[in-house]
Amino acid sequence: MTGAYHDHSRARGNRPAAPATNTGPIDFGRRVAVLRLLGGRLSLRFDLRSLVTGVILLLSTAMIGAVSLASGKFPIPLADVFRALHGTAGDNIRMVVVEWRLPRLLLAFLLGAALGLSGAIFQSLTRNPLGSPDIIGFSAGTYTGALAVLLIFSGGYYETAAGALAGGIITAAAVYLLAYHGGAQSFRLIVVGIGISALLGALNAWMIRQADLQVAMSAAIWGAGSLNGLAFEQVWPVLLMLALIVPCLLILARPMRQLELGDDAAMSSGIHANRLRLMLMICGVALTAIVTAAAGPIAFVSLAAPQIARRVTRLAGVALIPSALVGGLLLTTADWAAQHAFGVQLPVGVMTVSIGGLYFLWLLLREARQ
Amino acid sequence: MITQVVEQPGADPAGHPASVLPAAHRPCGASTSQLRLQRLALLALSAAILIVFCIISLLVGARPVAFSTAFDALFAYDPVSAEHIVIRDYRLPRTLLGLLCGAAFGVSGALIQVATRNPLADPGILGVNAGAAFFVTLAVGLFGFHAVSSHLWFAFLGAITVTLLVYAVGSRGRDGATPVRLVLSGVALSAVLGGIGSSITLLDPVAFDSLRLWSIGSLAGRNIDVVVTVAPFIIFGLVLSVCIAPSLNVVALGDDPSRALGANLVRTRILVVIAVTLLAGAATAAAGPIGFVGLMVPHVVRWLTGPDQRRIIPFTILCSPILLLAADITGRLVLFPGELEAGIVTAFIGAPVLVALARRTRASGI
C-alpha cells in the first residue's frame, strides 16, 4: 500500500497562485490526499477539508452524545457513562445509560444521517436548494397515511408507522408515474410533486380541523416527529436498512455528479439518466421512509443538512457523506435540546427547525461578511 | 426548452431585448399582428370567465339568489329584504375579497418565481406565511387575542416584519440579495419561527385550535371592512407589479447577463420585495395562507403566454381570481348547505389542472 499526499498552494485568497508548471498534477485549488491500494489498481481521493470537517463533525456528535447520555431525570457523571459503555458500571447505571438512553441517541444519529443523505440526493437531482423528498409528495403522503390511521382507526405506534409508509410510498409512486411521459424530466417531476403535495396538504389540514382537538394535537405531535419512547427494538431494523441502502448510494455517488450536469450532458457521457434518477429516488425515498416509520416526519434536516455541509466543507455542490454527518449532529443536538432545554419534552422536530434554522441563518450571515 | 427570438418592432418601449417566445406556442408562419390578436382574444376570454365567476359567486350559496334579485341588491338596495342583505353583507365582500386576494396571491407568486428564478418558490418563501402565522400564534398564545378580527393586523404586521428581516439577512454581503441567498434565508427564518410557533401551539390547546382554523385559509365570514382595509395595499402592489414587469424580463436572464445588459438589479429586487410583501402580506392577513394560487397560476400562465413577464403579470391578475373564486363557489356547493374552506378546495381544483398541464405541455422552466 502506498500513500501519496499532494500539497498545492491554493488558488483562493490574496496569495498569488503558484506559477503553473507542466510537470505537477493539476491544481484544483483544494488540498487532496490520494490513497493508492493494490499497487495502484484501486485509488481513493480524499478532499482534505472534507475529511477534517468530517472528523470534527463526528467528534462534536460524540461530545453531544456523551452529554446526552449523562443528562436526564437521573443525572450520571460522565466517568460513569464511559464505564457503563465499557460494561464495568453497576447494573442500575448500565440500565439507564445503555438500555434507556443509548438507543435513543443511536437512533437520533442514524435517522439524522439518513435524512441528510436523502436531502443531498434530492437537492442534487433537482439541482435546487429547496429540493427534498417533500417535492415528490412523500412527506405529505406519509402525513395523510398517519392521519388516516390515527383519526379513523385510532391506531398505535406500529399501525401509524405502517399507514405512514403506505401513504408516502403510494404518493411518491403516483407522482413519479404522473410525471413520467417519455422520461421523468426533473422539472415536470417538481411541478407534479408541488400539485400532489398541495392536494394532500389541503386534505391533511381538513382532517386536522375535523378531528377532536385532543386527537388532532396528538396527530400534530406525530407530525412534528418525536423520538420519545424508542428502544433497541427500533434500532436494529433502522441499522439493517441503512446497511442495505448506504453501499448502493456510495456506488451511485459518482454518476450522481454526472447527472448534475443536466440530462443531455450526463447521457452523452454514458449515463442512463432516467434509470439513474429512478434508482436515486428510490434510495432517497427509502431513507426518508425509514425515518418516518421510526420517528415521524422530522422536518428540516433533509433541507438544511446538505446546505450546511456545503458551507462548512466549502464544496461546490452537495456532498453525500458530509451531509449525512451534519444531519446526524443536527438531530442529536436537537434531541438533547428537545428533552432537556425547556423542562418539558417537546417533539424533536420542533427543535430541529429552530436549532437548524438558527445555525443556518448564522452561516448565511457569516458567509456574507467574507 | 426550445426558444426562438421573435422580432417585435416598436413593441418594447423600455428598450429591453426582444421578448422570447417558445416556438411550440407560435403557429408556423403567423405574423406578429396575428399573434397579438390571439393574445388579446385570450385576455378577453379570461376576463369574461372572471366576470361569469364573479356573478356566480354572488348567486350561489346556502341561500341561492336569482340574478335579478342580485342585480337589485347591488343597484336598488332594499334594507328589509333578507336576500338583499345576504348579497350586500356576505356575498359581495366575499367576491371582492376573492378578486383582490386571488390577484394578490397569483401576482406575488409570479414575481417571486421570476425574481428568485425558482419554480418551487411560492409567496410564502420570503417568510410571509411564517411571519403571519407566528404573529397570530403570539397574539392568541401569549396575549390572548381570540377575536378573528384582531388577527388581520397581527398577520399583516408579521408578514411585513419577517419579509424585511429575510431581505436584510439575504442581502448582506458583497453580492447582495442573490436569488439563492434570499430563498435560503427565507427558508431558514421561516423554519425558526415555525419551530417556536409550534412549540407554543403544541403546549397550548387554545392557540392550537385557533391556528388550525387560521392556517386553512378561507374567504368566508369576512365583512366589507376587511376588504376596505386590505384593498389599498393590494391595488398599489398590483400597479407596482405591472410597472416592474419589463425589468423582470431582464432579471430572468440571470444575474450576470442582466448586469451586462445594464439592468439595475438591486432596484428591481427591492421593488419586487416591496410588491410581494404588500400583496402576499395583505392577502394572507385577509384570507389566511392560500399559497397554492401563487404557486400554480404563474406556471399555467407561463405555458399559455410564453416567458414574457409583461404578459404573465396581466394574465395572472385575471386568472388567479378565477381559481380562487371557483374554489370558493365549489366549497359552498360540495357540502351544501355547509361549506368547505376555499383554502382546501383551491388545491383540490388546482392540483389536477396543474398535473394535467404538466403532462400535456412541454413544460417550460423560468
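**Salt bridges and their surroundings**

Reply: Over all chains, a search of the whole structure finds 13 salt bridges. The model is a predicted one, and every value below is computed from it. Side chains of opposite charge can pair when their charged atoms come close.

Glu341(B) forms a salt bridge with Arg209(A), and their closest N and O atoms are 2.3 Å apart. Glu341(B) sits in the loop between helix H12 (309-334) and helix H13 (342-360) of chain B, while Arg209(A) belongs to helix H6 (residues 186-210) of chain A, so the pair joins two chains. Both Glu341(B) and Arg209(A) are buried.

Chain A also has a salt bridge between Glu99(A) and Arg94(A), with 2.9 Å between the closest N and O atoms. Glu99(A) is partly exposed, its relative accessible area being 38%. Arg94(A) is partly exposed as well, at 30%; both values lie between the 20% limit for buried and the 50% limit for exposed.

In chain B, the side chains of Arg212(B) and Asp209(B) meet in a salt bridge, at 2.8 Å from N to O. Arg212(B) and Asp209(B) are 3 residues apart in helix H7 (residues 205-214) of chain B, so about one helical turn separates them. An α-helix has 3.6 residues a turn, so residues three or four places apart point the same way. With a relative accessibility of 12%, Arg212(B) counts as buried because that value is under 20%. Asp209(B), at 31%, is partly exposed.

Chain B also holds a network of salt bridges, which links Arg94(B), Asp328(B), Arg332(B) and Glu339(B).

From charged side chains we turn to nonpolar ones. On the surface, Ile51(B), Ile55(B), Phe67(B), Phe71(B) and Phe75(B) form a nonpolar patch with about 540 Å² of accessible area together. Helix H1 (32-59) and helix H2 (67-75) of chain B each supply at least two residues of this patch. H2(B) gives the most, with 3 residues. Phe67(B) is located in helix H2 of chain B, and this residue is partly exposed, with a relative accessible area of 48%.

Another helix of chain B is mostly covered. Helix H11 (residues 292-305) of chain B has 14 residues, and 13 of its 14 residues are buried. From the first C-alpha to the last, H11(B) reaches 20 Å, close to the 20 Å expected at 1.5 Å a residue. Gly306(B) follows H11(B) and has a positive phi, near 85 degrees.

Helix H7 (residues 213-224) of chain A can be described in a similar way. H7(A) has 12 residues, which should span 16 Å at 1.5 Å a residue, and its end C-alpha atoms are 16 Å apart, in agreement. The buried residues of H7(A) are Ala216(A), Met217(A), Ala219(A), Ala220(A), Trp222(A) and Ala224(A). Just after H7(A) comes Gly225(A), with a positive phi of about 90 degrees.

Ser354(A) is found in helix H13 (residues 348-369) of chain A and is buried, with a relative accessible area of 11%. A polar atom of the Ser354(A) side chain lies 3.0 Å from the backbone oxygen of Val350(A). Met281(A) is in helix H10 (residues 273-295) of chain A, and with a relative accessible area of 6% this residue is buried too. Along the chain, Met281(A) and Val149(A) are 132 residues apart, and their C-alpha atoms are separated by 26 Å.

Strand S2 (residues 32-37) and strand S3 (residues 42-47) of chain A run antiparallel and are joined by 6 bridges. Leu35(A) has Leu44(A) as its bridge partner in S3(A). The hairpin of S2(A) and S3(A) has 4 residues between the strands, and in this hairpin Leu38(A) takes a positive phi near 50 degrees. In a regular strand the side chains alternate between the two faces of the sheet.

Note on methods: Residues numbered from 1 in each chain as written. Chains lettered and ligands numbered in written order. Predicted model: local features only at pLDDT ≥ 70, side-chain atom pairs only at ≥ 80, totals over all residues. Heavy atoms only, no water. Pairing = 2+ DSSP bridges. Expected span 1.5 Å × (residues − 1). Buried < 20%, exposed > 50% of the residue type's maximum accessible area, 1.4 Å probe, protein only. Patch = residues over 30% accessible without salt bridge, like charges linked within 9 Å, V, L, I, M, F, W, Y side chains within 5 Å. Areas by Shrake-Rupley, 256 points an atom, 1.4 Å probe, with all protein chains shown as cover. Salt bridge = Lys/Arg side-chain N within 4 Å of Asp/Glu carboxyl O. Polar contact = N/O pair within 3.5 Å; in protein donor to acceptor, adjacent residues only side chain to side chain.
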